[in-house]
Amino acid sequence: MKIIGISILMFVLLTVFSLYMDILLGFDLNTSINNAIRPFLVMEVTEIVIFFLLIVLMVVGTVRNFYKKRKKKEQR
Amino acid sequence: MEKAKISAYQLFILIILFELGSALLVPIAIEAKQDAWLAILVGMVGGFCLYLVYYGLYSYYPDIPPTEYIQKIIGSFFGKIFAFIYVLYFIYLSARVLRDFGEMLITDFYWETPLFILNTLMVLIVIYTIRKGIEVLARTSELLFILIFLLGISVLFLIVVSGIIQISNLEPVLEEGLKLVIKTTFTQTLYFPFGELIVFAMILPYLKHPEKVKRIGLLAIGLSGLILASLMAINVSVLGVNNVTRSPFPLLSTIQTIEVAGFLERLDVYFILITVIGVFFKICVFFYASVVGTANLFKVKESARLAFPLGLAILILSITIASNFSEHVKEGLHVITLYLHLPLQVIVPSLLLLIAFIKNKKKKSKQSKNLILKRKYRLSERDKK
């Protein structure tokens, strides 16, 4: 769970970072947010499937590790 | 920190592959026109100075990564903030290199394939490598360096044999004086690719022989600088300044003009192999530094477990970073250099070195004062006896 928390924190900060770079380039906030989101709106089915598969894999891996650790603690 | 060690030779190869990585792709220093090669060489000299700054910091704290020694130098609170900024910076740079790679493939080879798919394939390989650790990365670099070396030699041979080099394209040298070369150096080549070596500060603590760090680093920077300068000189002499300025990937255009004996042509695969290998190592090094840095900052015991989630963040960031290739390039040339590279590669490390120097001097003078006092005390006790 800690891992997912760290990753989400990093991702949010990096997105803010990237938006700020767009603003420094001369775009306004709305345009830079649109530019960031647009590539995901025009994805093909295969891309969407792979994208969600990767997210599911990440969540499943972390949750599995979490339960494994819990079991180990209980056994002790 | 991972319990791994890499040899001096492996570090040497890693630095060379890292430096060549995406610098081979784009027309670096082309603002200096036909003196681009000179701007790269001057940038290389600046790279030496920057590396000596990073080495200076390393020599004060040889066993710990920068994310830890920053906290020792400027205090825990500000140190953690700066270390976190550096980790974000490394992730951001790896996303930029990944985007470069994807755009290169899409523009020239895979017109129908979505950028997301190409980037996903690369990220999955990078994640796998990083999960295996720095030793595996270093050994892979040893293997692939031989391939790159052979490819480079054969490309050079074919370019020379096909007779497409026109030295007159490199003339007049210093047409607009040294000013333009220096300006290009300080706005571009000093930071990309030489200043990016700051990421190796995260890898230096893994070296088996710390006494070789300085020599090996300077040697690798020198060699990669010479390779980049000569390649840029070849690009300009083959294509001419105007074509290099207009071409997004000049090395590819140069390789495409090779034609030997009427049948050895269309050697684009050389370019793909060289750049894919180089870019792979560049992303890996940035990504490894960010994974180790994050694990160190957030006290995660198994840093390998961070590889997949952070890899996913890099993948998404590489897509959202810019809406098109021109925006991506413009951002890299004008915004990143000024607002990220300059402070994080030059200003902050120099200030850190200055503070570390003053701190260590104070410590040493305190220690020597204590020693003198102890000796005086002993001598006086002897006299009393």
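How many helices and how many strands does the secondary structure of chain B come to? It comes to 13 helices and zero strands, where helices are DSSP runs of H or I with at least four residues, strands are E runs of at least two, and both are numbered from the N terminus. Before going on, note that this is a predicted model, in which local features need pLDDT of at least 70 and side-chain atom pairs count only at pLDDT 80 or more, while totals for chains, interfaces and linings use all residues. Residues are numbered from 1 along each chain as its sequence is written, with chains lettered from A and ligands numbered from 1 in the order in which they are written.

Let's look at the overall dimensions of chain B. Its C-alpha atoms fill a box of roughly 100 × 50 × 35 Å along the principal axes. For 385 residues, a compact globule would have a radius of gyration near 21 Å, and the 23 Å of chain B agrees with that (taken over C-alpha atoms, the rule being 2.2 Å times the number of residues to the power 0.38).

Inside chain B, pick out helix 6 (residues 134-161) and helix 11 (residues 268-297), which pack at about 155° with their axes 10 Å apart. Axes here are lines fitted to C-alpha atoms, for helices over the stretch in contact, and angles run from 0 to 180 degrees between N-to-C directions. Helix 6 of chain B and helix 11 of chain B are therefore roughly antiparallel (over 145 degrees; under 35 counts as roughly parallel). Among the residues making the contact are Leu144(B) and Leu151(B) of helix 6 and Ile277(B) and Phe281(B) of helix 11, contact meaning C-beta atoms, placed from the backbone, within 7 Å. By class, this contact has 14 nonpolar, two polar and no charged residues; Ala, Val, Leu, Ile, Met, Phe, Trp, Tyr, Cys and Pro count as nonpolar, Asp, Glu, Lys and Arg as charged, and the others, Gly among them, as polar.

Now for the partner chain. In all, 27 residues of chain A are in contact with 28 residues of chain B. Helix 1 of chain A gives the most to the chain A side, with 15 residues, and that side divides into 17 nonpolar, six polar and four charged.

Follow helix 1 of chain A to helix 12 (residues 307-320) of chain B: the two pack at about 20°, axes 9 Å apart. Helix 1 of chain A and helix 12 of chain B are therefore roughly parallel. Their contact includes Phe11(A) and Leu14(A) on one side and Ala313(B) and Leu317(B) on the other, and its residues divide into ten nonpolar, four polar and no charged.

Key:
Angles under 35 degrees count as roughly parallel, over 145 as roughly antiparallel, 65 to 115 as roughly perpendicular and the rest as oblique. Two residues are in contact if their C-beta atoms, placed from the backbone, lie within 7 Å.
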